[in-house]
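Visitor: Before we start, could you put the chain on the screen? I would like to go through it by question and answer.

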Amino acid sequence: MSGKNDEERIVLSESGQTGQVGYDDDDGGCGSCIGSLIWVLSMLLICCTFPFSLFVTVKQVQEYQRAVIFRLGRVKRGGAVGPGLFFIIPCMDTIQVVDLRTVSFDVPPQEILTKDSVTVAVDAVVYYKINNPLSAICNVTNAAQSTRLLAATSLRNTLGTKTLQDILADREDIAKNILGTLDAATDPWGIRVERVEVKDVRLPQQLQRAMAAEAEATRQARAKVIEAEGEQKASRALKEASDIISSSPAALQLRYLQTLSSIAAERNSTIVFPLPIELLGNLMPKQPQASRM
């Protein structure tokens, strides 16, 4: 006969939202008699100690808080109350206050073995808020601690299926996957996860040195290739310039004069004046003839 009264009074719909919450009016038997007796005695005590009883019967919650009232162990009809003032019966009611503001916490660094067998330490930050106070109180023992443990486990499970390159390059996608997993798991607890961010990925020192050496070798190889390409282009340009100068005898002399003007512009004390090689060739055979005479 009392089996119906002993059942849980929190009814959840298929979408995870809380429906009608309360206790049965037909609480018959011994429970009804004892509850009525406690109510009468409590009212007599409140009236006898008035107005001092107002200090324990009137409670206040802030705008960002909600209070869940349990009367004789059952959730009071109407669900969470607040903000503002409300009345309780000290001998019958117990209250638990829930904060509805966004809460953030750091996930401790997790030692994770990636898909390509690399050990990394990854930490993250999670932002969540309680949007259903009844579920947060009645469906889980400690909503905040449970969310922290679930966030650490979800971080390890998600990153364990990724390679090191994916972790370093796709942090946003990883954060979205963790967000979806956490939000789905904490929905029965009345918690909505708003944001998840991967803060830092710490690699072992040996792996950092190996990656730095690889990056330096890659940069040096690229620099050598660029230098070789520059020399090739310069030699091709010099060849074209020599072909153009060789086609006109006066062009070489003009180049000599241009070089001379550039040397003189630097205020040097020594000026080198180039002479055509043909003049030297004509002068060289005349010196032996003069010595014979």
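**Burial and overall make-up**

Guide: Of the 293 residues in this protein chain, 26% count as buried. The model is a predicted one.

Visitor: How many helices and strands does the protein chain have?

Guide: Both kinds of secondary structure are present in the protein chain. The count comes to 10 helices and 10 strands.

Visitor: What share of the accessible surface belongs to carbon and sulfur atoms?

Guide: The accessible surface of the protein chain comes to about 19,900 Å². The part that belongs to carbon and sulfur atoms is 57%.

Visitor: Of the contacts with a separation of 6 or more, what percentage is between residues 24 or more positions apart?

Guide: A contact here means heavy atoms within 4.5 Å. Among contacts in the protein chain with a separation of 6 or more, the share from residues 24 or more positions apart is 65%.

**Rings and a surface patch**

Visitor: How much accessible area do the residues of the nonpolar patch on the surface have together?

Guide: The patch is formed by Leu37, Trp39, Val40, Leu41 and Leu44. One of these residues, leucine 41, is found in helix α1, residues 30-48. The accessible area of the patch residues together is about 490 Å².

Visitor: A search of the whole structure finds 1 aromatic pair. Is the pair of phenylalanine 105 and tyrosine 128 stacked or edge-to-face?

Guide: The ring centres of phenylalanine 105 and tyrosine 128 are 5.8 Å apart, and their planes stand at 65°. Planes over 60 degrees apart fall in one class, and those under 30 in another. The angle of 65° is over 60, so the pair is edge-to-face.

Visitor: How many residues apart in sequence are the parts that this pair ties together?

Guide: Phenylalanine 105 counts as buried at 4% relative accessibility, and tyrosine 128 counts as buried at 5%. Phenylalanine 105 lies in strand β8 (residues 103-113), while tyrosine 128 lies in strand β9 (residues 119-130). The pair therefore ties together parts whose separation in sequence is 23 residues.

Visitor: Which ring does the charged end of arginine 101 sit over?

Guide: The charged end of arginine 101 is 3.8 Å from the centre of the ring. That ring belongs to tyrosine 64.

**Salt bridges**

Visitor: How many salt bridges are there?

Guide: Side chains of opposite charge can pair when their charged atoms come close. The cut-off used is a side-chain nitrogen of Lys or Arg within 4 Å of a carboxyl oxygen of Asp or Glu. By this rule the count of salt bridges is 6.

Visitor: Is arginine 192 buried or partly exposed?

Guide: Arginine 192 forms a salt bridge with glutamate 194, the closest N and O atoms being 3.4 Å apart. Glutamate 194 has 30% relative accessibility and counts as partly exposed. Buried means under 20%, and arginine 192, at 37%, counts as partly exposed.

Visitor: What is the relative accessible area of arginine 202?

Guide: Arginine 202 meets aspartate 200 in a salt bridge, at 3.3 Å from N to O. Aspartate 200 is partly exposed at 29% relative accessibility. Arginine 202 is also partly exposed, with a relative accessible area of 36%.

**Backbone details**

Visitor: Which residue is joined to proline 83 by a cis peptide bond?

Guide: Most residues other than glycine have a negative phi, and most peptide bonds are trans. Proline 83 is found in the loop between β5 (74-75) and β6 (84-87). Its cis peptide bond has an omega of about 0°, and the partner is glycine 82.

Visitor: What is the omega of the cis bond between phenylalanine 50 and proline 51?

Guide: Proline 51 is found in the loop between α1 and α2 (54-57). The cis bond that joins phenylalanine 50 to proline 51 has an omega of about 5°.

Visitor: What is the phi of leucine 72?

Guide: Leucine 72 lies in the loop between β4 and β5. Leucine 72 is partly exposed, with a relative accessible area of 44%. Although leucine 72 is not a glycine, its phi is positive, at about 55°.

Terms used:
Residues are numbered from 1 along each chain as its sequence is written. This is a predicted model: local features need pLDDT of at least 70, side-chain atom pairs count only at pLDDT 80 or more; totals for chains, interfaces and linings use all residues. Side-chain values use heavy atoms; hydrogens and water are left out. Helices (H or I, at least four residues) and strands (E, at least two) are DSSP runs, numbered from the N terminus. Buried means under 20% relative accessible area, exposed over 50%, partly exposed in between (1.4 Å probe, protein chains only). Accessible areas come from the Shrake-Rupley method with a 1.4 Å probe; for residues, only the protein chains shown count as cover. Patches are made of residues with over 30% relative accessible area and no salt bridge: like charges are joined within 9 Å, nonpolar side chains (Val, Leu, Ile, Met, Phe, Trp, Tyr) within 5 Å. Rings of Phe, Tyr and Trp (its six-membered ring) pair if their centres lie within 6.5 Å; planes under 30 degrees apart count as stacked, over 60 as edge-to-face and the rest as tilted. A charge sits over a ring if NZ of Lys or CZ of Arg is within 6 Å of the ring centre and within 35 degrees of the ring normal.
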